[in-house]
Amino acid sequence: MKSPRKNAKLSDVARLANVSTATVSRALMLPHKVKPCTLTRVQDAVRSLGYVAHGAARALASRRTHTIGAVIPTLDNAIFANTTHALQKSFDAAGYTLLLACHEFDAAVEVRLTRALIERGIDGLVLLGTSHDPQLYAMIAQRHMPYVLTWALDESGAHPCVGFNNRAAALQLTNHLLDLGHREFAMISGVTANNERARDRLHGVREALAARGIKLSAERMIEKHYSLASGREGLRTLMANARPPTAVMCGNDVLAIGAIAECNTLGISVPQQVSITGFDDMEIASLLSPGLTTVHFPTTELGQLAAAHLLSRLAGEHVARQHELPVELKVRGTTAPPVRAQLRRAQR
Amino acid sequence: MTKPAAKLIDVARLAGVCNATVSRALSRPASVSAATQKRVVAAALQLGYVPDGAARALRAQRTLTVGAILPTLDNLLYAKATHALQKALDESGYMLLLACHDFDLANEVKVTRSLIERGVDGVVLIGAEHADELFALLADCGIPYVLTWALDTSGRHPCVGFDNRIAATRVANYLVDIGHREIAMISGVTAGNDRARERLAGVREALAARGIEFLPQRVIEAPYTLAAGRAAMHGLLAAAVRPTAVICANDVLAMGAVTECHAQKVAVPEAVSVTGFDDIEAASILVPALTTVRVPMRELGYAAAQQMLVRLDGGPGARVTELAVDLIVRGTTAPPRAIAR
């Protein structure tokens, strides 16, 4: 295999893929216009050479553009909006413009968007989470693009990151419910594929339960996209079981708020009949009545710190590779001891 | 008799070169020899060849990227419409890049310039009010644009939106119809925000038409945050004569206002009615659910994408797409106590 070269040209890609340079251009700009086999050949060549398109963009990229790129899953979640807003404000204060792209939880789209941002000329890159396509990491390395991962911590230590320990947060929250006397648990998890935040939260829950000899059975574990409607559906499915859970842990606040809304619709009282928890502590979580028990993630601080991290790197200063932000359990009104435990206590 | 349209391969055959050379000659003339370039152009002219999308894109150095510039990322206001915009553009092979100006029209010029420098084929803007400099920049660079969330009354700009003023008029009229006379408004910050200004103007107009006084101290401008909605409601509840109805310029402010009422044990809607604007998903989930104006956000994003795609294909310029908005009456509004009794 050829070793990656820093400044591969269009003609190098064309030569390696054995096509004309026009075909390379077309394959990169309008992939649906070239034959699949040609496209694969061009893409393989691009990958192995670490090629980034556009001479002009490359020239631009070699000097400061005062632009930072951020690639996030979606705008359609207030919690990412919080962090992104803080990022934008911090970069703006330092004279940088933030350009944003959303991959909608699709790893291939993320690679494409990141490549486009790099090609357009950015000085630094902010990514969300630690699970990314290896192609993406390779591209960043070949371009020597300063970057920072956010929201999660990279256990390998290979990547600079500012984030939270999602597993530890889940452990805390689960232990709170266990201490209240819950034994019948269910979880409406976020989609775990390509999302280590969702995965770590699920692992944390399982781990805390296992420590007390409790297993999260298959019919009590539902994976859903993060939306109010999914929270509703998840809750409905779980409560239709012959033995409904006494505690439903949700992968984030949006799912939890949806689950509570469904409880209201079904006439199930929260927390008397079922306790519900979220993750993140969105602003609205404390405004609901009863207020949502959740784990507070300091998302504004995360945005500020991620920006500061990248700005320091761009200024050539040394910064700690890993920065963990503390999370905090927020016990509010949606969790209470299960009815059975209350009964047992009364009988004593 | 019409001939079938000439294809790239026909040009290649006539010019005696390969397909790739035709592409190259048309897209980047400097990359082929002058003689080849001349032969290809002559063949293309003779055959009346029109380059297909791919070749045209290459020649025009299209970036297949559209930029959208949002006032804020801080809440879900623009998320749904932006999501729909992105999906529709994606289906046509365009990528969406976003930037945010923080309700600062001078900053909007700066971030738009940055987007254009990075390479975008078109720009989607929010609202009808923008700095003259921004329109000049777009004209100078020949960048097509679409205004969204509002209607441009000058008729000079393509837009996809709705009439914020008429929508606000309907909210005010509804409250008057159910008996409210003591009406206050938590408005958005109107400077540099035509949507906020139009909503306030609509309420003012409707109340004036019904002969109801709209006291200056009953209008509070607040940035679109839950905390600002709470603080504004706090101020209104502290007044010697409390309003019986509070119109909020958006759902975020309304949710903050309702929260403040809960905190002060002021019953909604019995003691005070509260309305929002936009109908974000959370509005229907609150208890009581929020009475608000439904803005068809997905439709708005989709229609903006369609209009942008037409313009990117060289289609007509200024076009107005007006969307319908509906008043959604839910649990936070009721007749004032004196009437209900």
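**Reading a pocket and an interface**

Author: In this predicted model, the second largest pocket has a volume of about 980 Å³.

Reader: Which residues lie nearest the centre of the second largest pocket?

Author: Asp76(A), Asn77(A), Ala78(A), Leu76(B) and Lys80(B) do, among the 37 residues that line the pocket. Chain A gives two or more lining residues from each of helix 5 and helix 11. By class, the lining has 19 nonpolar, nine polar and nine charged residues.

Reader: How is the size of an interface often given?

Author: The accessible area lost when the parts come together is often used. Here, the area buried between chain A and chain B is about 4100 Å², and carbon and sulfur atoms give 61% of that area. As for contacts, 47 residues of chain A touch 49 residues of chain B.

Reader: How many salt bridges does the rule find across the interface of chain A and chain B?

Author: The rule finds two. Asp92(A) forms a salt bridge with Lys110(B), with the closest N and O atoms 3.3 Å apart.

Reader: Which element of chain A gives the most to the side that touches chain B?

Author: Helix 5 does, with eight residues. Elements that each supply at least two residues to that side include helix 2 (21-29), strand 2 (97-102) and helix 6 (107-120). By class, this side of chain A has 23 nonpolar, 14 polar and ten charged residues.

Notes. Residues are numbered from 1 along each chain as its sequence is written. Chains are lettered from A and ligands numbered from 1 in the order in which they are written. This is a predicted model: local features need pLDDT of at least 70, side-chain atom pairs count only at pLDDT 80 or more; totals for chains, interfaces and linings use all residues. Side-chain values use heavy atoms; hydrogens and water are left out. Contact means heavy atoms within 4.5 Å. Buried area is the accessible area (1.4 Å probe) that two parts lose on being put together, summed over both. A salt bridge is a side-chain nitrogen of Lys or Arg within 4 Å of a carboxyl oxygen of Asp or Glu. Helices (H or I, at least four residues) and strands (E, at least two) are DSSP runs, numbered from the N terminus. Ala, Val, Leu, Ile, Met, Phe, Trp, Tyr, Cys and Pro count as nonpolar, Asp, Glu, Lys and Arg as charged, and the others, Gly among them, as polar. On a 1 Å grid over the protein atoms alone, a cavity is a set of points where a 1.4 Å probe fits but cannot get out, and a pocket is an open set with protein on both sides within 12 Å along at least five of seven lines; lining residues have an atom within 4 Å of a point. Grid points are joined across faces, edges and corners, and a volume is the space filled by probe spheres set on the points.
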